[in-house]
Amino acid sequence: MLKVEPVAAMIAGFQSRHKLRSLWQRLLSGSKISVDEVESVAGKLGICANWLFAELLQHHTFGELFDRVARHQGGRVSQHQQHHYLSRWQPIDVKVAIEELRQYLVTFNHHPG
């Protein structure tokens with residue numbers, strides 16, 4: 001039986017990436033972003049807000065920024081954080097994940113956002 005990341009974990013990751021992209025685009029367009037917004041996204045990504053803010057200011061392409069965030073996450077995951085992630089997001093059977101994803105997409109298509 002093949003086990004995969006639960007759909008809820010995937011969705012949380014997509015939402016965090018979307019929020020990061022939104023911050024990056026706003027900053028690139030000259031808009032100001034608040035410390036609270038950066039802290040919120042950094043918290044969801046499990047990284048330091050000060051580090052994220054400095055990276056946002058360097059105007060990487062979004063792909064470069066996201067790669068740097070992913071590398072930073074990988075280097076900063078403590079055993080406690082890993083245990084917390086694993087206790088919250090237990091791997092599930094791939095067939096269950098596919099069905100959950102189908103259900104989510106039906107709901108999403110009827111009520112986006």
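Is His-60 buried or exposed? Select His-60 in this predicted model: the residue is buried, with a relative accessible area of 14%, which puts His-60 below the 20% cut-off used for that class.

**Around His-60**

His-60 sits in the loop that links helix H3 (49-57) to helix H4 (62-76).

**Helix H2**

Move to residues 35-45, which form helix H2. Turn the view to look down the axis of H2: the buried residues fall within an arc of 100°, so they line one face of the helix. Now select Asp-36 and Gly-43, which are exposed on the other side of H2. Step past the end of the helix to Gly-46, where phi is positive, at about 75°.

**The whole chain**

Zoom out and colour by secondary structure. The protein has six helices and two strands, and from the N terminus the order is β-α-α-α-α-α-β-α. Switch to a surface display: the accessible surface comes to about 8000 Å², and 56% of this area belongs to carbon and sulfur atoms. Of the 113 residues, 26% are buried. Finally, consider contacts between residues at least 6 apart in sequence: 64% of them join residues at least 24 apart.

Key
Residues numbered from 1 in each chain as written. Predicted model: local features only at pLDDT ≥ 70, side-chain atom pairs only at ≥ 80, totals over all residues. Heavy atoms only, no water. Helix = DSSP H or I, 4+ residues; strand = E, 2+ residues; numbered from the N terminus. Buried < 20%, exposed > 50% of the residue type's maximum accessible area, 1.4 Å probe, protein only. Contact = heavy atoms within 4.5 Å. Areas by Shrake-Rupley, 256 points an atom, 1.4 Å probe, with all protein chains shown as cover. Arc of directions from axis to C-beta.
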